[in-house]
Each structure stands twice: as C-alpha cells, then as structure tokens.
Amino acid sequence: MSPDFLFFLEIIVSGLMAGVMYSLVALGFVLIFKASGIFNFAQGVLCLFAALALYDFIAPGGWVDRWFGFTLPVWLGIIMTAGVMVIVAWLIERLVLRYLVNQAPIILFMATIGLAYVLEGMGDILFGSDVKPLDIGLPQGASDYMLDTFGLYVEKLEIVAAFVAAALVAVLAVFFQKTRIGRALRAVADDHQAALSVGISLRTIWVIVWSVAGIVAMVAGIMWGSKSGVQFSLSLIALKALPVLILGGFTSVPGAIIGGLIIGVGEKLAEIYVGPLFGGAIENWFAYMLALAFLLVRPQGLFGEKIIERV
Amino acid sequence: MHENKPIGDVMLSVDNISLSFGGVHALENISFNIREHEIRAIIGPNGAGKSSMLNVINGFYHPQEGTITYKGQTRKQMKPHEAARTGIARTFQNIALFKGMSTLDNIMTGRNTMMKKGVFWQALHLGPALNEELEHREFVENIIDFLEIEHIRKTPVGRLPYGLQKRVELGRALAAQPELLLLDEPMAGMNLEEKEDMCRFILDVNDEFGTTIALIEHDMGVVMDISDRVVVLDYGKKIGDGTPDEVRANQDVIDAYLGVSH
C-alpha cells in the first residue's frame, strides 16, 4: 500500500474510533428522547457525574479511600455507580418531572437545562473540580496487532470502546423491541393518556428511562474519563452529541451510532484535507456545519421518524 | 344472546357524583350502578357529561363530590393505572392508540398489568421474562383471531383505517381481561357494516367472557338493541334510568332528545 493511501486509511480508522465515542454519548440522548420526547440537556453532565462517582469509589485518594482506608475493586465500583445513577434518576422524577406532566416539550427542555447546572454544581461540591485520571484497567496505548499487521496506528482503548458500543446497542435494541418495559416505554412516548389506561404508571416508567440513560451515561463517562481524564469539560461533550443526533435522527438508536461515525470520520477528513485552506482547526466546528447542511436537506435525520404535521 | 348470562350483583356504583371545571358543572349529583355481566349504556345529547362520567369511573377526572364503590371498595377517586390494575379497561372516543407501534404491540401493552417479571430479566430478555412474553403472546393471538384482525398484525396502527383502529383499541382493552369494560362511543364514525361487526363483538365479549360493559353511544338503534339497562344524562343531570323500553317511554328523555318549548 502506498504511504498516501495508508495515511488516508489511518485517518478513516481514527475518525471511526472517535465517532464511536461520540455515539456513546448520543445514545443517552436518544433513549430519553424516544421515551419521553424530551431533549435532555443534562445528559453530558450525567456522564460527568457518573465518572466522578466512579473515580471516588475506586481511585486512591477518592472518598472511599479517604473515609475507609481502602478502595473498591473496579467491578464493585461500577455496580455502585450504576446504583448512584438510579438514585439520581429517582430524584429527578421525584423533584422535577413529577410536577411537569403534560407540559410542553420546551418546558421540560428548560427544566433539563436547570438540571444540568444543579448536577454540575453538586458534582463540584461533592467531588471537587480538579482533573482526575480514571484508570479502570482498560488497555492503553497503540494496538501492536493493528500496527504490525496493517501498519495502522489504533488506540487499544478505542477498540474496546467500539465493542462496548456494539454490545450496548444490541442490549438496548432487544430491551426496546422485545420486552414489556420496552413496549411500555414506547407506549408512554406515544400517548400518555392511553398509556395510563392500560395500567402503565408514568412515574415508574420515567424512573426506568432516566436510570437507563444514567447507566448509558456512565458507560460513556467511563470511556471518556479513561481517554482524557475526568474533568468538567466532559459535560461539554453533550454539545458534540448534538450534530450526531441531527445526522442520525433523534429517535433512532442505530442512527446515533451511524451519525457518530459519520461525524467522527468527517471531522478528521475535513481537518486534514480541507483544514489547510482555512488555516486549520476546523475540526471544532466542522460537525456543526455538517449538521446545519443536513437540517436543510433532511431535518428528521438519516433514521429518524418523519413527522408530518397538517397545517 | 347475552340474556343467558345471569345478571349478578352490583359491581360498581357511583353515588352523588358532582364534577365541575371552574364554573362549568359537568356532572351534578349523579348516582347509578352497574351490575355484573350486564351491558349498561350511558346516553344523552352532546355535552351531557357522558365522557366525563366515564373519565370519573376510570380515574382521569377526580370529582369534587361523591364516592365510587367498585367491587365492595368505596373511594373518593381512582388513579388511572390503579383502575387498570383492578380490572377496568377502556377505549376512547378519539382513539388513543400508540400510533407508531404495530397492532400486535398495541394489544400486548394491554397485558402490561399482568406481566410481572423484573426489570433485570427484562433487560437480559432471558429466562423467566422470555417465557412470560411467549405466554402472553399466545393470549394476544387469540384476541387477534377473535376480532378477525390477523391480516393487520404487523401494521403500524397509524396507517389503519378508522374502523380497524377502533377494533384494535377494543383488542387492547380486552387483552387486560377486564371485569369492567368502558367503551366511549365504540361505533362513532363507522359505516353500517362496521357498526354491525362492532355490535357483534361487544355482544360476544359480554356473552363469552361474561365481561361487564358500560358504553356510551349516540346511535339510538344500537343502544336500545344491545343494552340491558340505560342511564340518560342531560346537561350533567340524570334524567332517566331503566330498561330500554322504560327509557323510551320516559317523557324527560323524549324532551331532551327532540327538544321542547319551555
């Protein structure tokens, strides 16, 4: 293979891998949007919150270490963090959503903005605001196999992330399509009144949705935390998920994955081949331009449900 | 047909129910009861408070005054999902189906209150949850056969014609194996053939499963033919109650329907 082509391939692969990381974040948004029609602005902060909590369970110098003088094993830390996310979900239903039943989506959206700030502040108070390295024993560095066989530089961590994302999507797809609770979630999203009439309790469903979204946020938080440390900028990756969602469609789980991959690859390609024309650093805004262009052509995204309203 | 099911004791009774929205009195001091295995119709001109009455019974509206006694338990108000759990199922005047979901999935949601396996098994879609799912699926297939809608099993209900949507909605209510079935204008907007089909299903449900049915209907011919007893509302007040023949002969009812100069 010629060096040029190899270089091109390497850009594609690294773009795909970065895309997987975006997809992980976008998944959490899709879940809540699918089940309740809310765009959850607080999703990024949930990622941060989960990563912070996990850090304090397992890392030397974290809460558990300081209070009890030992750290939890990683698997136990993850289960405990999942528990924390369920409690957070329960609190969100109890303190916020319960009072907003039947309100317009924009009101719920505003509520999640408030929620984002509250959670961020709470994270700051509870866990402190310094950058924390999160090490849960995921492999680091370049994959020797990929380097030796194909001559490609690929981070091991990103390969793990790809498998994690695939597993997550498979579980979520089955959960949504094949189980009673998945069906109840879709039912609630479709029609509150009808859902009540068949005996679905809105409150329970909301706690479940937010718990699932919290756990997905935890997975994203762990992967991002392992990659670049747990820090407050983590909550801003939510903004990176936005173009992913516009591309993939707000209601589609596969869409979140494909959208993430397209954004990841597009960003890298644009940076390398178009960037020099603009003096570089277009990686930061290219995704938003792409999303904007997409909105003009296909507002429902690649896989989203087309909403036709009679006017 | 349904006469051979003996009509039993009082299953549900509403006593002195009053409901108002601000200054509008939707229901004033309404009392009546529904007996086991009967078909009970609630009729009245537009705006009489029929749908409000149904909404009170299944807990969407909470009346300011009065009590509801259901299966021996007296309460001031119901919660909708509790009503569903205690065996009350309903359909809606304006069809409230889950439009993006298939006929099968819609009817499966009706089994919701009966499926008990925990979130954990559900998430894994394994073991007990899978068996449970299959069991309920079988029940739902029977309902689909009963309502003769096999051909639209996998179709998203949003795409179905109105008459079929009404039938799917009935199917979802039946999936819950209700003891009391509330039907809000099951035949509104249907053509003659669809009406006849729906009549047949209602009578069959009552006959074969012994389900108690309370229905609201505009079509007088239908109401008088299929119901055992009829309660008549007008401007939120009860003006008649009895067998179809008694109601037909009631002067207040005739006035309300034909209009009378005061």
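Which residue in β8(B) is the bridge partner of Leu181(B)? I looked this up first in the predicted model, and the partner is Ile213(B).

**Entry: the strand pair.** I then traced the two strands concerned. Strand β7 of chain B covers residues 180-184 and strand β8 of chain B covers residues 212-216. I find five bridges between them, and the pairing is parallel.

**Entry: the sheet.** In chain B, six strands form an open sheet in the order β6-β7-β8-β3-β9-β10, and the pairing is mixed. At the edges I note β6 (88-90) and β10 (237-242) of chain B; each has a single partner strand, so one side of each lacks a neighbour in the sheet. From one strand to the next, the twist averages 15 degrees.

**Entry: helices across the sheet.** I checked two helices of chain B against these strands. Helix α1 (residues 50-57) of chain B lies across β3 (39-43), β6, β7, β8 and β9 (229-234) of chain B, and its direction makes about 150 degrees with β7(B).

**Entry: the side facing chain A.** I turned last to the contact between the chains. Here 26 residues of chain B are in contact with 23 residues of chain A. I list α2 (80-85), α3 (103-109) and α4 (119-124) of chain B as each supplying at least two residues of the side that touches chain A. The most comes from α2(B), with four residues. By class, I record twelve nonpolar, nine polar and five charged residues on this side of chain B.

Technical notes: Residues numbered from 1 in each chain as written. Chains lettered and ligands numbered in written order. Predicted model: local features only at pLDDT ≥ 70, side-chain atom pairs only at ≥ 80, totals over all residues. Pairing = 2+ DSSP bridges. Axes fitted to C-alpha atoms, helices over the stretch in contact; angles between N-to-C directions. Contact = placed C-beta atoms within 7 Å. Nonpolar A, V, L, I, M, F, W, Y, C, P; charged D, E, K, R; others polar.
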